[in-house]
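Hello,

Please find the structure below. My notes on it follow, chain by chain.

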Amino acid sequence: MDYLSSNKILIVNLESGEITEDELDDELVSHRIGGVGITSSLYETYKDKDPIVLGTGLLTGSLFPGSALGIISAKSAKTGEVAHSPLTLKAGMELKYTGFDYVVVLGKAVKPVFLWLHDGVADIQDASEIWGSDVWKASDHIRRSMGDDLIQTLVVGPAAESGSELAQVCINYWGSGDCWGFGKSFGEKNLKAIALRGMGLLEISEPEDFVDQCFELFEKIKKGSFMGKTGIQDIFSAMGENDATEWILPLVHRNSACYNTPYATNTFLYLSEDPKTLTEPDEPEPGFLVTDPCALLGFKRAGLSAKDAGSVMKACAKYGINPLAVAEFCVKSGEKDPENIEKSLKDLEGPVSVPDCGRFSYWAPGKPLFSNFDASDTSEYGAWWKRRQAVAYIFGIHPIFANMAPELSEELMLEMVNKGTGLELNQDILDKVIEDVCS
Amino acid sequence: MRIDVDALKCIGCMACEMACGYHRDDAFALLASCIVVYRAREKKDYFGVVIKEEESLTIARPEGLEIKRIGVAEEPGSTGQKKEADASAKPMLLREPCDLCDGMKYGPMCVKICPVNAISLVEGGE
Amino acid sequence: MCAASGPPSRFSRKFWPFGDRGATGCHNNGINFYNFYASINQKLARGAEILYGDEEASLLPPARPCPLRVPRIGLYAGSGTSHSWLWFVDLFDRMFFHDVVFLDEDMVKNGVLKNLDVFAMSGGDTIRIAEGLGAEGAYELERFIGEGGLYVGSCAGAYLPLKSSKQHLDRFNFVDIKIANISKTAPTVKQLGRKATTAYGCDYVYHPVREEVRLRSTEKGPFSGVGSFLAPLYGGPSMVTGNASEIMAQYDAFTKKTLFLVDETLAEKTLIGNVAAVRSELGNGVLYLFGPHFEHPHFPIANHLVANAIFWDMKKSSVGGTSGMSEIVLDGAAKRKLVRDIKREISNARIVSVGLEAASVRWTIGCKIYEPEKIRVFLEAIWKRLGRLEQSPRIQISNQTLEEMTPSACEVTRILREVKSRIDDRLETQGIAPHLFDSLRRLTMFCLQTYFNSLLLDN
């Protein structure tokens, strides 16, 4: 693959320490397009070796609106089936520019390690010093020891190390869309983290046409139904949870977006600083970036104050545990005290509910947001949602943003991928891939 | 004409940075862009935008705009720290200064692409 | 593309001076100088005979019909040099002057010059360069030129052989040329104080302007047919010549990109009409001294004049021999491992250096100011050439380089991470900066020497 790609699949065997590279074959892309289409395929190829597969879509890291997504595909500790988790913030983009389109991690390391992917180089690094650390300390350590604050880290915490099925792979310091217990899979491999930094370049087959169309699309999107809305608070409104909007607003510092995503799906809550503060605070850890609206809503439903909910989500992220699951436990137990909840994290176990969401993360709200997509079934996590998520995970589009931007049609994404790569992919191929990844 | 940034509107999506990178490289890459979202203070939610211009470095912070003239003074202190008001003689040396996307049909691409209209083209030199 | 070799795939073209975008200005009135010299040098390397006056050499001024040959060039990258020698690297790379030996002061003292046709010296701290070369280096240089070698110096490389009584420099009085930009009193400085004046014994050398200036050729010899042209001035001399030297170009005018460090009237008085480039003979050899950086990659006509001067005045007979270092050819897994190891460390170092771009710190080394931005300049010079080394089936490398290159790259990464960590902690970094830049310079020499050796092998 010459375009919108680094043309590399990385295979890392943690057990033997062997690192090999395969080319990303045009033929594979012609049949499986990319993103979850290819991570699923790679998972099948290596499934006897319990792989964790990372990947990006062909549009990831481009100027196409919402092109933020990377993917982890692995067997879910919860369901025992292959599932897919979104990598948002800047992690999907950074993965794309590391020089690897796909990364297959096999085997179990003899001692704790982290995988360092940078500029087409993969290094297995010793993680003894951070094994046992919480997610925040581990991320800080990696960034500091490698000398760069912009390294994106996929990190697990003590939850993963103790084998919790609720363990989550966090992104930098924050929660992620991993509701499948992939953290446990990392822990079982003695894999503390995957650190990403790339300063590569993606060639485009028809650059002018591609970029022209991106600009046209941005123009359309700027007139779209979500414009003027921002952050988790407005996502709550779109979900019909207006009181949650009011509940959270007093703590909102700023809203921020994942890479090239026109809607700011993340909201930073200041917990120990005045949210109106604009200057850089002295307090090194003044709050928490909420990336998971459903989890925050879960804590509201459990009866926590917004500040307590923020504190508990911060504790969840440090411990590396899925906050949505923790919220469910709180609802069941009636526990509202943040300190007690935090203390209980290490003992939480037992089944948590999983909606009928196929193999995609139910971290993304289960219905269209802000817009009425022209679809017959938009019921909670229904057929429309699954197809929409499949498309987002195939092309590399932010899964929450995909649910608020009908302008990003399947036809358009195909057209853009064809312009970007010079391939001739069509709706039949896309339908087949969607059918496969949804089955 | 020059680029102006309202950092409080900015959502840190980096679309401007990638668009500028495209202008420089005819491909998707970030290393050559003259507009950069600074995001190193992630845990503090402190982010903004830096633009390298011909004679100045514009730092759009949440609390306001700061314009540093390039190379005005350069006596380092005992620790080597620069005076706060000055940019270095060659800040972001390998990045070309903003040319307002000279030769591109879209005009300044960062202005065009910013989804929240945080970036605008304003009258006046540097 | 301007030259036969393109940028490595997936590398920012902005850092590749061979790009086909306008900013690098490959063309001049439809003439692509880089392609022209690349073509000549490729043909010569393959054994073709080309004479001055041949159609293939039509851009070279008419001269006595003598055969051209690929020169062996020594490029000085020893202590005291800044990053500007990397501009010569770009020029030689683009124009296919691929027989390049990177030299430090020890190599000069150890007699490596006798195997060279050309010795090129760019910018830096002239006193430190002179001190590093010492009496032995001065002797070797003088002998090299006297025996027919060509010395090409810009900026500090132009100051070095000028007439001076100052300690260290007094060993290099090769030519009867004086500095014009010198004063008993320091002029009033408008900006960039440290770059505007330097104490020089009891006097002050001052640098009236920086950045682009317009020059006018005197149309002599290899400078004929160019009229006026541009080059950047970064502290290089304005010169007062004696009768023995030929003035090749004068400072002609300022441009809108010229940055005035002193009052414009003083700048005009100091520069305009004065000597910017000179050709001087010493024994059987020749020196070309350029105040501005003729080798800067954004100035194609000035680059053309450097190449032209090399062909015009390089040592008349082939020197033969080798650089004196024992070299081996690496291929297969050993080659892949070495290149991968270097790539790993350059990537690691580059990642830190990008993060340091906006760091609020600068260092003083000798009389020069170094900013963190300069770190990347060295690393990018290596990085952009690694693709070629990855693609080449084999590389040629000296035993010493093979032994030292990877540890040297690891050391650069280690120091850079320490610098970053100390800056984050608001601790001083001045103490480690000289070691950082020295290590960077040595690493860059190792890598680029291997690159050029391997190009020769591929040619």
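Among contacts in chain A (heavy atoms within 4.5 Å) between residues at least 6 apart in sequence, 68% join residues at least 24 apart. In chain B the corresponding share is 49%.

Before the rest, the ground rules. This is a predicted model, in which local features need pLDDT of at least 70 and side-chain atom pairs count only at pLDDT 80 or more, while totals for chains, interfaces and linings use all residues. Residues are numbered from 1 along each chain as its sequence is written, chains are lettered from A and ligands numbered from 1 in the order in which they are written, and side-chain values use heavy atoms, with hydrogens and water left out.

Chain A

Chain A has 17 helices and 14 strands; helices (H or I, at least four residues) and strands (E, at least two) are DSSP runs, numbered from the N terminus. Its radius of gyration is 20 Å, close to the 22 Å that the globule rule gives for 439 residues, so chain A is as compact as a globular protein of that length. That radius is taken over C-alpha atoms, and the rule is 2.2 Å times the number of residues to the power 0.38. The C-alpha trace of chain A spans about 55 × 50 × 45 Å along its principal axes.

Of the 439 residues in chain A, 67% are buried (under 20% relative accessible area; exposed is over 50%, partly exposed in between; 1.4 Å probe, protein chains only). The accessible surface of chain A is about 14,200 Å², and 45% of it belongs to carbon and sulfur atoms (Shrake-Rupley method, 1.4 Å probe; for residues, only the protein chains shown count as cover).

One helix to look at is α12 of chain A, residues 323-333, where 8 of the 11 residues are buried. The buried ones include P323(A), E328(A), F329(A) and C330(A). Among the elements covering them are α10 (293-301), α11 (306-319) and α13 (338-344) of chain A.

Chain B has 2 helices and 6 strands, in the order β-α-β-β-β-β-α-β from the N terminus. Buried residues account for 61% of its 126 residues. Chain B exposes about 4,500 Å², with 52% supplied by carbon and sulfur atoms.

In the interface, 56 residues of chain A are in contact with 38 residues of chain B. About 3,900 Å² is buried between the two chains, 60% of it from carbon and sulfur atoms (the accessible area, 1.4 Å probe, that two parts lose on being put together, summed over both). On the chain A side, F215(A), R254(A) and E280(A) lose the most area to chain B, together 19% of what that side buries.

Two backbone points

Most residues other than glycine have a negative phi. N172(A) has a positive phi of about 60°. N172(A) sits in the loop between β10 (170-171) and α6 (182-188) of chain A, and is buried at 1% relative accessibility. C155(C) also has a positive phi, near 55°. C155(C) lies in the loop between β6 (150-154) and α5 (156-159) of chain C, and is buried with a relative accessible area of 4%.

Regards
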